[in-house]
Amino acid sequence: MDPNIIRELQEFLGKQSVLSAREDLMMYEYDGSIEVARPDVVVFPRTTQDVVRIVQLANRHQVPITGRGAGTGLSGGALARQGGILIVFSRMNKIIEIDLDNQGAVVQPGVVNLDITRAVEQAGYFFAPDPSSQKSCTIGGNVAENAGGPHTLLYGITTNHVTGLEVVLPSGEVLRVGGKTMDTPGYDLTGLLVGSEGTLAIVTEVTVKLTRLPEATKTLLAIYETVDDATETVAEITARAITPAACEFMDGWTLRVVEAWVHAGYPLDSAAVLLIEVDGLRESVEAQAAEIIDVCKLNHAREVRVAKDAKERDLLWKGRKNAFGAVGRVSPSYYVQDGVIPRTKLPATLRKIDAIGKKYGFEIGNIFHAGDGNLHPIILFDPRDHGQYERAVAAAGEIMAHCIVVGGSITGEHGVGFEKSELMPLMFTEADLEAMLRVRHAMNPAGLLNPGKIFPFGKGCGEVRVKPFPVTSSTPL
Amino acid sequence: MSPLTDATFAKLEALVDAGNFFTDAESLAHCTIDGCAPRAALHANTVEQVVEVVRFAAAENLAVVPYGTFQQMGLGAPPARYDIALRIGLHRVLSYDPRDLTLSVEAGIQLNFLNRQLREQRQFLPLDSHFGGFATIGGILATNSSGPLRHAFGTARDFLLGLEFVTGEGVRTKSGGRVVKSVAGYDIHKLMIGSLGTLGIITSANFRTFPLPPVTATYLVRFATLDDALAFRSAMAASPLQPRALDILSPEAARLLNSLAPSGAREFSEEEILQIMEQESKARRERGEPETFGMTFRSPAPGFSEKEWTVLVGTGGNEQVVERHRRELEPMAHAARATAFAQARPQHPLFARIGEDDCMEWSYVRTFPSVAFHLKPAAAVMKINVLPGQFSEFVKAAGEIAARHELASAALLRAAGVVYFALVPSSPGEGAQKHLAQACNQIFAAAQRAGGSPVIEFCPAALKREVGVWGPSRGDLALMRNLKNEFDPRGILSPGRFYGGI
């Protein structure tokens, strides 16, 4: 990268806020996905004004910009695919305002998701979107990816809890969209920006809604001898229009890997378990739990355990939330997917995934948000064996194709990033992608914000073709 | 205004089915918006026809305004240009999977009709409009309509999964998906909500559905002052209770709603009600008025207190949940100095079948904004999003502004954070309109000070020439204009009707 750019950044941000040495940049070339891309410089703004100056500089030199929170993302969203400047928000981590009376808060993008809840739970509130990485992921990242989590089945996803944003546009202009209330007149720019994966604007402040903590919670662990019985249970719970607060599936293989590390008390000899949580008013929780237990038993659950206290509940959830980490101990590399299917298609889809695994010779673990049909098949492979990597990608492709064929989606919560950009044409026609490109053109005409994400690489269409810009010293893809 | 040649009319007519093209004065009068009539009215019965009409309009630079039942067309500024009124006559349920609680419907289907089908599976869609269930899904989405149930369910953006639309260049496009969770691509479908047909014409929409609660009960609670009513609201918000709906009616609003019921009203039988509805419908058709809900036959009169504030609390769930609410709401109400607490009488089964209202009081209250205007056509009815914590201050300020300008006012507060405020001139005439305009502008300012966003939803056409119904523009207007240009480069879709003159 042009040393003048680095010097300019150091001048207005301070040397301690700029990293340019190769060994420092290497720390930021990966995230939670299998992708790798090295930025040319990493900066740590403290204020919106810092971000404005960074964007203005990027414009002057026509250098790409990528935003990053904690780097826990699973689709390569926070990776500088085409090099340039990586803006890390870890120093913009203040909770600016909490308004319990109106159930809202205003926070900077670097605030850790769980910290929002921690700040208000004594008063009886929480921030509902709860990605498994919530102890480290940031709200800015949640907004970029429109993050979900196990409890979004009942409470909704990030976009349902964000009423307004302050953003810096690619032009360097600071803009406020939405506000503290929903339904601001005009186009729903907040709704457009949440989930836009950092390709339309840079978020510098988020106005969120807080939710009252439920009065009662009941956590159940249903244990099965076959995967089919577990998936049929989920389909039946859905069909009865019961909406648990969470309904998570773990297959036996994943379960054993997790138990070896976490010791949550998972049964080592089962084919699958469902971790189901209901919350709300006491009366509602009792009735829902009773009906769910009925459905589990009707579908041959060997046993349904009810967590007897908060400690037991926390342990069960610890197992679920640390599952991918546990898998990482066992396999040198794994490829997690994020497809969504209608709940009615769950049993058939898991059988299909099993068949695909056998076809390509892989162990495919399944640990996912069964309640909303959001699958996370985990394909384990040895990255040193290039043939395995290629087969893993092929297997993943078949799983994705199946999700689309049954009417689902290629991503339920991780985002498209650059990991799934080539899959977009599975879900969207040329016209659909053209509409999205036009939105990006309206907001990010020079294409400097997080290039190479969402859209199939090389996708352009005549007059809205993204201008190619120089790729610098990034790791080759 | 460029003349539409006979050749152009002929080409347009050929784009739709026979008998679905109108240029006679009566049909055009039917499609008039704030005194502006189109040059032709077309009914599109397939998506392909919508595409062809828009493509043709783009090529010929003709302005198109899409509609469903035409009831909500008064929302927004008058169109800057208006050549074609295009009825989106697409009525089908495209797919419904009750076991997955997902649904895909064409935009022209009426909410009532849809909910009736969902009811058969004990499900429903918590959408609503100021015109009750007669509005179409497309119209509800395009106007971002909502009703009392937004308290528990949010608005369309919270359960719309995706939709299909036709751009201003006539390109069929979709956004989102059909499953309950998807983050693939930009949420353009969210942009379409409330866009008033300026970004594209919605042709179909996908939703998640919700189960009907086994039991419901509504309570009517009276308070001497707004602050007491708001104390009750706060107590509920701080408790674990989860009401489905929570509306607060001012005494003046109550008076307006009470006046809807015929005097000397008695209990009607189902056959009589149906007969009255049909008679009223026929009379409206003969007068060339659009089909709309019929309110005049409802009986008995709601009998809202005209001296006190009324809070309506809707509850639902299993029997124990409903019982819990009843047990706890009453002492909570009395702690907030309620002067009366009663359960509403369950709705006549006929209306329970048509809508979800468990009691007739909701049927009145949910249509308050349009009813207020229907009864007082010289009024301005505003919708202001205000945080509940600011309700008291704002409503008082608005009331004072109204009084200073010799205007009567009526308010409906929806606990989710919306105030509907009607300003009513006591006597018609030039002076009254000036006062009304001034009052509206002052209320816009008061709303902004309260951190809220105001819009005039209903008002006389003449007022729209003096006051921008969308309120003052904000810094995000330039971006919205850019987006408009991308989706409708020739500016033919509902030009000039939207926020900022878009």
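A salt bridge is taken here as a side-chain nitrogen of Lys or Arg within 4 Å of a carboxyl oxygen of Asp or Glu. The model is predicted, so that local features need pLDDT of at least 70 and side-chain atom pairs count only at pLDDT 80 or more, whereas totals for chains, interfaces and linings use all residues. Residues are numbered from 1 along each chain as its sequence is written, chains are lettered from A in the order in which they are written, and side-chain values use heavy atoms, with hydrogens and water left out.

**Exercise 1.** Describe the contact between chain B and chain A by its residues and its buried area.

*Solution.* Begin with contact, meaning heavy atoms within 4.5 Å: chain B contributes 71 residues and chain A 85 residues. Next take the buried area, the accessible area (1.4 Å probe) that two parts lose on being put together, summed over both; for these two chains the value is about 6100 Å², and carbon and sulfur atoms give 57% of it. Within chain B, the greatest losses of area to chain A fall on Lys181(B), Val183(B) and Tyr186(B), which together make up 16% of what that side buries.

**Exercise 2.** Find the salt bridges and polar contacts across the interface of chain B and chain A.

*Solution.* The salt-bridge rule finds twelve across this interface, and one of them joins the side chains of Lys181(B) and Glu413(A), at 3.0 Å from N to O. For polar contacts (a pair of N or O atoms within 3.5 Å, where within protein one must be able to donate a hydrogen and the other to accept it, and residues adjacent in sequence count only if both atoms are side-chain atoms), the count is 27 residue pairs, both residues being at pLDDT 80 or more.

**Exercise 3.** Is His151(A) buried or exposed, and which residues does His151(A) touch?

*Solution.* His151(A) is buried because its relative accessible area is 8%, the class being defined as under 20% (1.4 Å probe, protein chains only). Leaving aside residues up to four places away in sequence, His151(A) touches Asp130(A), Ala245(A), Ala246(A), Glu277(A), Arg313(A) and Trp317(A). With Asp130(A), the side chain of His151(A) also makes a side-chain polar contact at 2.6 Å.

Key: Buried means under 20% relative accessible area, exposed over 50%, partly exposed in between (1.4 Å probe, protein chains only).
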